[in-house]
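Me: I have a structure open here and would like to talk it through with you. Could you take it slowly, one topic at a time?

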Amino acid sequence: MGGSTRCRTWAALTLLMLASEGCVTGHLFDAALRREQPLSYHDALVDGDRLTLGYTALVTNDAGRVVARKERRAAISLTALHRQDLPVEAFPVEHLADDAPLTGRRLAIGAEGGEGGPPGYLETEAAPDGREISFVLHDSSGGPYAPFYSSALTRTSTAPWVYPLLPLGVAVDLATFPILLVFFPVMLLIGA
Amino acid sequence: MRGSRGATFQSMLPVLWLVAGCAAGGAPATPDRSPFHFPADTFAFANVTLMEYEIDPVTREVSSHPREKPPEVTLQCGAMVRAARQFYSVARFDPSAPAADAQTYEHLVREVLDTDPRRPSNQRVVIPGYHDLRDLSGAQAPLVKAMLAGPWETYLQRGNWRMIFPFRPEQQERVAGQLLDGLARGWPPIVHVLRFPERTINHLVLVFDAEQTPAEIRFHVYDPNDAERPLELVFDRGARIFSYSATSFFPGGPVKAYEVYDGWLY
């Protein structure tokens with residue numbers, strides 16, 4: 001009885017700790033979280049129903065500090081680009097390999113259209129800090145197109161240094177979780 | 001054995017609540033009230049940080065030093081946003097009625113502050129002689145300042161337990177949805193904005209409006225540390241992260257956010 005009860009107690013505690021994402025473990029994962037968002041576009045090609053993009057991405061940590069830059073490629077559907085009502089989280093994006101070939105009709109970027117100008121171009125909009133936060137595709141062969149917001153190209157990843165630290169994080173969480181379970185109702189009782 | 005399972009289940013309850021996050025409450029709207037309006041529904045004075053901050057314009061590093069004179073209203077962001085929402089919910093101003101004496105105002109302000117800060121109240125407290133909270137708190141500043149709860153109310157805000165746990169992007173997305181729900185119900189949410197374990201910001205603000213674009217949701221907030229202008233808490237739909245405006249003490253940038261004064265857990 002004593003052994004199996006102890007096992008169950010530890011199993012329940014571990015489950016509880018994991019369910020709460022663990023204070024230390026969770027913050028380790030937060031610290032290792034990386035977000036990539038476009039800084040500037042340098043390639044844009046229309047290939048059938050796809051617009052293929054080459055761009056420089058800023059990699060930031062969870063506190064928003066820049067930790068790296070990467071060259072990325074992605075493709076978006078021109079059909080989706082016709083729709084005005086798609087929020088960025090629902091916009092279909094295909095992230096391509098960094099060395100994926102860029103094929104199709106090349107467009108100018110940031111250029112103005114007009115007589116004698118390019119038949120198609122991306123009109124980009126930059127934030128005060130210089131990040132190109134959106135663009136509108138102008139193309140005589142199709143359109144009009146809705147603005148495309150760069151945050152649709154957001155990628156998240158986890159820095160690999162966090163994994164060797166996980167056993168330590170879990171151990172600290174297991175040790176401190178019972179204290180938190182006591183602290184929690186106390187805070188509810190005395191809290192305003 | 002049965003008892004042991006029951007005890008395990010009971011011990012899991014707080015965590016189930018924790019995992020569920022700020023479940024949307026069923027608070028009804030305040031039907032006889034127009035939407036929360038800045039500056040009318042806010043205090044004429046500001047909460048002032050205990051320290052004076054300097055932000056490097058290039059590196060955005062923040063340094064601080066003690067103020068020469070301790071501020072009159074400090075560490076009371078929680079008390080101020082809580083009170084602003086209570087006034088919004090309960091107080092009805094009647095500028096056409098003759099102004100009352102200080103004792104009457106003290107009694108009326110006490111009545112407002114004694115109402116439940118977590119849900120709209122059916123109680124109405126008519127405050128004569130002033131147009132709105134901005135007007136009242138400007139003219140009766142010493143009285144109102146004295147009646148606001150002290151820093152303990154912010155330190156011991158019930159929802160503070162949540163701040164030490166991590167906030168994942170999907171949880172932040174749920175918070176953005178809850179804030180929109182609150183605004184749609186006519187109940188301006190109070191939000192704890194933080195960067196724990198960093199100490200660069202640990203602050204309570206009141207959300208009173210939102211603008212949505214395909215890329216982001218711009219929540220307009222009443223920051224009790226700034227009586228002059230509303231600030232913005234922006235949710236990036238793609239990155240699923242909040243960012244807060246630059247202030248005199250914070251350089252601006254990503255923050256975590258969760259709703260407080262919402263239900264018995266927060």
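**Where the chains meet**

Me: How many residues does the contact take from chain B and from chain A?
Reply: The contact takes 29 residues from chain B and 33 residues from chain A, where two residues are in contact if their C-beta atoms, placed from the backbone, lie within 7 Å. This is a predicted model, in which local features need pLDDT of at least 70 and side-chain atom pairs count only at pLDDT 80 or more, while totals for chains, interfaces and linings use all residues. Residues are numbered from 1 along each chain as its sequence is written, and chains are lettered from A and ligands numbered from 1 in the order in which they are written.

Me: And which elements supply the side of chain B that touches chain A?
Reply: In chain B, α1 (2-20) and β10 (253-260) each supply at least two residues of that side, and α1(B) gives the most, with eight residues. Helices (H or I, at least four residues) and strands (E, at least two) are DSSP runs, numbered from the N terminus.

Me: What kinds of residues are on that side of chain B?
Reply: The side of chain B that touches chain A divides into 16 nonpolar, seven polar and six charged residues. Here Ala, Val, Leu, Ile, Met, Phe, Trp, Tyr, Cys and Pro count as nonpolar, Asp, Glu, Lys and Arg as charged, and the others, Gly among them, as polar.

Me: Switching to α7 of chain B, what is its span?
Reply: Helix α7(B), residues 169-184, has 16 residues and reaches 23 Å from its first C-alpha to its last, close to the 22 Å expected at 1.5 Å a residue; the expected span is 1.5 Å times one less than the number of residues.

Me: Which of its residues are buried?
Reply: In α7(B), the buried residues are B:Q172, B:V175, B:A176, B:Q178, B:L179 and B:G182. A residue is buried if 20 or more other C-beta atoms lie within 10 Å of its own, exposed if 12 or fewer, and partly exposed in between, with C-beta atoms placed from the backbone.

Me: Why do the buried residues line one face of the helix?
Reply: Seen down the axis of α7(B), the buried residues fall within an arc of 165 degrees, so they line one face; the arc is that of the directions from the helix axis to the C-beta atoms. The face turned away from the buried side of α7(B) carries the exposed residues B:E170 and B:A184.

Me: What do the buried ones pack against?
Reply: The buried residues of α7(B) pack against several strands of chain B, including β5 (190-194), β6 (202-212) and β10. Just after α7(B), B:G186 takes a positive phi of about 80 degrees.

Me: What about domains in chain B?
Reply: The assignment, which is automatic or from a database, gives domain 1 (51-154) and domain 2 (157-260). Their C-alpha centres lie 20 Å apart, and 15 residues of domain 1 are in contact with 15 residues of domain 2. The largest share of the domain 1 side, eight residues, comes from α2(B).

Me: Over to chain A, how many helices and strands are there?
Reply: Chain A has four helices and ten strands, and buried residues make up 25% of its 192 residues.

Me: In what order do the four strands of the open sheet come?
Reply: In chain A the order is β6-β7-β8-β9, with mixed pairing, where two strands pair if DSSP finds at least two bridges between them. The edge strands are β6 (108-109) and β9 (148-149) of chain A, each pairing on one side only. Two bridges join β6(A) to β7(A), residues 120-126, and these strands run parallel.
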